[in-house]
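Here is a briefing to read alongside the sequence and the 3D view. Keep both open as you go through the points.

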Amino acid sequence: MNKAVFKTIGLVLAALLVAMLFFLPMLGHYGNDSTLFTVTLLLASVGTAISWNLTGGFTGYVDFGHAVWWGIGAYTTGVLMSNESEWIPQQWPLVPALIVSMFFTALVANLVGRLTMRLSGPYFSIAMLGFFVFFREVVRVVGPLTNRGIGLTIKPVINRPLWYYITLIFVLFLVYLSWWLRRTRFGASLIAIREDEIGAEMRGIDTTRNKVMVFTLSGAITGLLGGMWAYQNTFLDPDIAFVEVRTIDAVMGTMLGGLGTVAGPIIGMVFLFVLRELLWTQESLLQTHLIVQGLLLGAVVLYLPKGLMGLVRGEVAFLDRFRERSSTFDGMESAVLEAQESSISDSENEHPNDPVAMHPTWDGRTS
Amino acid sequence: MRKRLRLALALFMAFGLVAAACGSDATDVVDSAGEAVADAAESAQDTVEDVAEDAADVATDDGAEDDAMAEEGADTIVGTIKIGAALSETGKFSVEGKDSRQGYDTWAKWVNEEYGGIQLPDGRYEVEIIYYDDESDADTAANLVQRLIDEDGVEFLLGPYSSGLTTGASAISEAADVIMVEGNGTSDSMFERDFQNLFLVATVASDYTKSGIEAFAAKGAKTAVVAYEDTSFPTAVANGAIKHLEDNGIEVLAVETYPKDPTDLSPIISKFRELEPDIFIGGGHYIDAVLFTNAADDVGFAPDGMLITVGPSNPKLIDELGDSVEGVVGPTQWEPTMAYSGEWLGSAQDFATRYESYWGEAPVYQAASAAASGLALHIAIEQAGTTDTAAVRDALRAMNVDTFYGPIGFDDRGVNTSKPMGTVQVQDGAINVVAPDGAAIADFSYPRGN
């Protein structure tokens, strides 16, 4: 009953939020260009976090160079839409440019994935960091195509409401994609890879193929978001398009919300965003807001290792400690034992990380 | 037990969030209430003034009396002009961001405290600058400019620091038809977009080396080599330099580029040594000046002239390298010693003295460029006699004035082409302006060491 109530409340809140987002541009002053711009940027970072979560959360491959796809997508759109590229001086219309950006990024991600997805743990993370720096330098070197370090300028045609709706619909689609994927055989295979890669392989899952597939998908999503951003920002050079902070934000937001969950990246990014808005608008924190933000986030990660989704499920580090300590008191002991038991049974019932529970064909083998 | 704890914690969090939200809401309400009262007062005042004006129009016989009344009214503060700026308080441009903010504030403080407010037909207006921190990030800068326009209702904008941030931010102000005057984003490509609302008081990047190269040519230099960092601003400077070299009949023997954040530039210098050029032109950022000078010393490369894009105008370089930088030449937007002055803020030296009294440190040219941006806007508003965007834009286009920063006059792109870029040379451990003639305080020494 508890779970059902939580689920209903969550769904109602989500529906309200979506309705609010759809009507936002019609709310006069509250839906002005400034608000729409801010929310569009937030939606784009939610989209990036969702795509990072596909490899980092579902598959367990922590990607430290994810922003490279954003940069490649942005540059593809920039090269096609700007007249400053010597090799492609024609100015393409937006939609074909975005489609090409998505497919080109997917292609590069596929090739890179074939190499890096064979590595594991920190080796993969560091290789991706390397590819991030590598592609930023490639952009500088391929001068006639990318206009070197000078950068590309796109003709500014800014229609905020239109842009907002395009981003909103795309991100809603991503949320659905992530939710749906989690329930498919492919999604279950990814989780199996995260939990026990060798085991998954022994059970007949083509792990490399699945890993490269999810990596390509993740790259394609971020590449498209990057292309959309380039069009909106109207200017890009290697240092603006390839920014480490985009990766850090995606990782931080996902960890904060809850790694490997559907709602985690959304909740985490929104929390991060609201925190920033509350901090930097304080005039007294004009020069120190980033320090305060860093400290607060450090504290949240220390005390909520499973993210905000963990908080909803009642997994809080200091509460666990409090429980350990209080277990010395006789009167409390039984209650705590009960709590621990229920936590174990909870995790058995609803543990999302259990590939066996997810995959119908494995039921017989494990029972 | 566990459920209760969970519930208590969730309630606590929810309460915290609501309290935080209410806190800001409450201030907003108070703010908007205050604004409403102020608006009402203002409109009441406007009505009174309109009536007074009408009366004055009717009573044409008492002309002298009217003038006296108008003058009396003109000296009182009747309102505020809101100006917005996104600047880098944090991140990689935080130092230059602070210099720019102090520059803007020097102008604003002077306008409000000494000048008496911007003069419009109906009286004087104080200026208020609203600042936000763009974290040296392009997205944030663009977002904040949109916020300044929509939320804070600013009438004009002053620019952020760096070309990268200004390019995106100015696209927003252009779309919203708000004028942005800036002094610290100088890449040429920004001004090739046919924008109507972007104005640069500083010299554009491609002209950084113009007066320096002309000085070299006048002294008889015939050959040159060029090396630059492969990023936006140094590339624009170097492309301009190559053009100016060719225009002045100096042959370019070689052009080399190097990636961002170099650690050793001696391979390039070794190559240049074999070519034996008369002059060397190079640079990107401050550290490049140090690397080039050290490499030239190590390799034994001693051309007659050395022009380094960023560094020679900074006293720190002399402290760091001593005699090695003797005779090195560099461009500068502005120096306190330049022989410029105007009816606002006095001479270049007056500005430096005032700046130092406000902030306890000498102004760098980024600060002067920022102050000059505010001043150009100020003069345009006064000449237009209104804060109407179209009228102020026309006034900016028609502007031709002398200031502490040098002459200000914009071309069709919005670039101040009236002010030449200054050139400094390190002479006996001092930084002296040697070109152009209008600003020079010392003779240009060529070849180096003569």
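Domain bounds come from an automatic or database domain assignment. On that basis, the C-alpha centres of domain 1 of chain B and domain 2 of chain B are 29 Å apart. The model is a predicted one.

**Chain B: how the domains are laid out**

- Domain 1 of chain B is made of two stretches, 79-203 and 333-419.
- Domain 2 of chain B also has two stretches, 207-332 and 421-435.

**Chain B: where the domains meet**

- Eleven residues of domain 1 of chain B touch eleven residues of domain 2 of chain B.
- Together, domain 1 of chain B and domain 2 of chain B bury about 960 Å², and carbon and sulfur atoms account for 50% of that area.
- On the side of domain 1 of chain B, the residues that lose the most area to domain 2 of chain B are B:T203, B:Q333 and B:E335, which together make up 40% of what that side buries.
- By class, the residues of domain 1 of chain B that touch domain 2 of chain B are three nonpolar, five polar and three charged.
- How many salt bridges are there between domain 1 of chain B and domain 2 of chain B? The count is zero.
- Polar contacts do occur: three residue pairs make them across the interface of domain 1 of chain B and domain 2 of chain B, with both residues at pLDDT 80 or more.

**Chain B: a look at B:A241**

- Find B:A241 in helix α7 of chain B, which covers residues 232-247.
- Is B:A241 buried or exposed? B:A241 counts as buried because its relative accessibility is 0%, and the cut-off for buried is under 20%.
- Beyond its neighbours within four places in sequence, B:A241 is in contact with B:S206, B:T209, B:I213 and B:I281.
- B:V78 is 163 residues from B:A241 along the chain, and their C-alpha atoms are 49 Å apart.

**Chain A: how the domains are laid out**

- Chain A has a domain 1 at 1-31 and a domain 2 at 32-266.
- The centres of domain 1 of chain A and domain 2 of chain A, taken over C-alpha atoms, are separated by 27 Å.

**Chain A: where the domains meet**

- Ten residues of domain 1 of chain A are in contact with ten residues of domain 2 of chain A.
- About 830 Å² is buried between domain 1 of chain A and domain 2 of chain A, with 70% of it from carbon and sulfur atoms.
- The side of domain 1 of chain A that touches domain 2 of chain A has seven nonpolar, three polar and no charged residues.
- Two residue pairs are in polar contact across the interface of domain 1 of chain A and domain 2 of chain A, both residues being at pLDDT 80 or more.

**Chain A: a look at A:S85**

- A:S85 is in the loop between α3 (67-81) and α4 (94-116) of chain A.
- A:S85 is buried because its relative accessible area is 1%.
- The side chain of A:S85 reaches two backbone atoms: the oxygen of A:L145 at 2.7 Å and the nitrogen of A:I88 at 3.3 Å.
- Not counting residues up to four places away in sequence, A:S85 touches A:V79, A:P144, A:L145 and A:L152.

Conventions: Residues are numbered from 1 along each chain as its sequence is written. Chains are lettered from A and ligands numbered from 1 in the order in which they are written. Side-chain values use heavy atoms; hydrogens and water are left out. Contact means heavy atoms within 4.5 Å. Buried area is the accessible area (1.4 Å probe) that two parts lose on being put together, summed over both. A salt bridge is a side-chain nitrogen of Lys or Arg within 4 Å of a carboxyl oxygen of Asp or Glu. A polar contact is a pair of N or O atoms within 3.5 Å; within protein, one must be able to donate a hydrogen and the other to accept it, and residues adjacent in sequence count only if both atoms are side-chain atoms. Ala, Val, Leu, Ile, Met, Phe, Trp, Tyr, Cys and Pro count as nonpolar, Asp, Glu, Lys and Arg as charged, and the others, Gly among them, as polar. Helices (H or I, at least four residues) and strands (E, at least two) are DSSP runs, numbered from the N terminus. Buried means under 20% relative accessible area, exposed over 50%, partly exposed in between (1.4 Å probe, protein chains only).
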